[in-house]
Structures are given as C-alpha cells and as structure tokens.
Amino acid sequence: MRPLCLPLLFGVLAMSPLCAQSLSPFPQGEPNTAYAAYFTGRSHLACLTTRHAEHGIPIANVTFEPGCRNHWHRHSQGQLLIAVGGEGLYQARGEAARVLRPGDIVEIPGGVDHWHGATAHRAFAHLAIEVRPEQNQTNWLEAVSEADYAAAQPQAARLSLLTPRQAALAQLAAAAAMGDLEAVKAAAEAGFAKGLTLAEFKEALLQVQAYAGFPRCLNGYSALAELCQARQAAGLPLPEGPQPNALSPEANRERIGRDAVPACAASLPRPTSPPGSALPLAQSSS
C-alpha cells in the first residue's frame, strides 16, 4: 500500500473548513433528510418562514458542506437565491457556472434547468426564496456529474494540490484530530463514494495518533466502525482494499520509512503557476 503523506494533507486541509458551523447569521437547521435523495453530499435545512404565513413567502436557509450540491432541477415559477456564507456555485443548463459569495443574488427564471451548491473545498449557505409558491412546482432531474462539477470549480480549487481521493482522506484525518466524530463519518462516506477503501481509512486514522494522540485516533476508529455497521445493515458495500505488506524480521524499517516519504511526495500532482506568482490554493473561509 502506498504510504500517506499526512503532514501535507493536514496542511492543505487547514486552508478550508471541514464543516459548516457558524457559516452565516441564520440558523443552520437540521440535516436535510427530506431532500437527501436530490443532493450529492450532506446539507442542512432551516425553514425561516412558513408557506402558510400571512405574507406567503417561504424562505429557507440551505447549508451545503464542501462538495455538496443538489441535482439538476427546475422551478415552474422560478426562485431567488441570496448567498449568505462561504463559497458556492450556481449553473444554468448550457451556461458557465457562476461562483457565489456572501451578498450575491441569483434570479432564476421559471422553467430553467439549474443546480447550486458548495465548491469542492468550502462550505456554502444561501437563502432560497420561493416565487409564487401556490403555483410553483419543482421538477428534480439527474445528478450533476463529477466531470461537470469539477469543471465548475473556481480556478484556485481546480489547481488544488490534492486529488478528490486525497482530499477525502485529509478530511477524515482532520475530523478525527479535531474530535468531530460525525464529520469523521461524513468524510468516510464521501470517501467511499470516491473509491477509497477501509484499508486507506485505517491507515489515515493510525497516523492521526502522531498528531492528535491515541484517544482521538481510537475515537476515529470507533466512528468509522459505526459507519461500517450502518452500511452493512443497509446492504452497502465495504471495500477492504489492499492490506499492508508484511515485513520480514530482518527488514530495516527506518530505511524503508525514510525512502517512502520522498517517493510519496513525488507522486502528488504539482500545479504550475506563472513565474513570481504564489501557488494558487483554495482560500480559507472567514
């Protein structure tokens, strides 16, 4: 199994939020389970007004964790979006994606296929305002493909040092180091979707011990075990992945480890930037 470069993963992940707490002045709400079938990734929903209120204008705050977006869909009467936190994306069918930051407003005409959500490395929150709710119907369509989502990313995000698989491992390790066990489960779930295996997750958690101590490493294992039990109960696959190579008693472990670090670092993608410019990385969330 290829060794993990956890120091580099932790350093890059520190530039982007893992979760969406305190992203905007509005409440984050509960996990968006009612519409989970129409989202890729995890989101939260807080209904700020009611459909049956006197003014009749339903407003909700929707919070997307990094990498989360909804499926292509359309509203028969249109919709208004107001970005209130983080960094997000909006794209109408056949048009270039638009980056959204706090204060940006999107006026979506009726009948236009579109999607919206967070960028790959930053959480995002927006207010969703329903237009003419009595006549407005939502038609959910296909999920946004990984290729279309990757192409929609801001330039800095597309030039990130980490591949999606490496970023998922970094998120898992950082969540364990911070003691956020729900985020450990979310990162593992996202990692499974990106093709990661149990062996890779276990190796990442094992290396957390050197940075955050044994108790948090053990708690990370416990969270991963709970997720695996839930996936087994739901009939979902649990890919084991390659197991570590056994070393002979005569092996020089110090030399093997010393040789593995530069080999691992050399395998990481190296984005290029113009002479004299800083390396373009995803900006951190304020």
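Reply: In this predicted model, Asp 113 has a relative accessible area of 15%. Because the limit for a buried residue is under 20%, Asp 113 counts as buried. Its side chain meets that of Arg 74 in a salt bridge, with 2.7 Å from N to O. Arg 74 belongs to strand β6 (residues 73-75), while Asp 113 sits in the loop between β10 and β11 (114-118), so this pair ties together parts that are 39 residues apart in sequence. Arg 74 is partly exposed, at 26% relative accessibility.

Asp 113 also forms a salt bridge with Arg 93, and here the closest N and O atoms are 3.2 Å apart. This pair links distant parts of the chain as well: Arg 93 is in the loop between β8 (88-92) and β9 (98-100), 20 residues from Asp 113. With a relative accessible area of 38%, Arg 93 is partly exposed. Arg 74, Arg 93 and Asp 113 are joined by Glu 142 in a network of salt bridges. The structure holds 10 salt bridges.

Strand β10 (105-108) is an edge strand, as is β1 (30-31), and each of them pairs on one side only. The sheet is open and has 6 strands in the order β1-β3-β4-β12-β7-β10, with antiparallel pairing. The partner of β10 is β7 (residues 79-86), and the two are joined over 4 bridges. Within this pair, Gln 79 stands opposite Ile 108 of β10.

The side chains of Glu 200 and Arg 165 meet at 2.9 Å, N to O. Glu 200 is in helix α6 and Arg 165 in helix α4, so this pair ties together parts that are 35 residues apart in sequence. Glu 200 is buried, with a relative accessible area of 16%, and Arg 165 is partly exposed at 33%.

Conventions. Residues numbered from 1 in each chain as written. Predicted model: local features only at pLDDT ≥ 70, side-chain atom pairs only at ≥ 80, totals over all residues. Heavy atoms only, no water. Pairing = 2+ DSSP bridges. Salt bridge = Lys/Arg side-chain N within 4 Å of Asp/Glu carboxyl O. Buried < 20%, exposed > 50% of the residue type's maximum accessible area, 1.4 Å probe, protein only.
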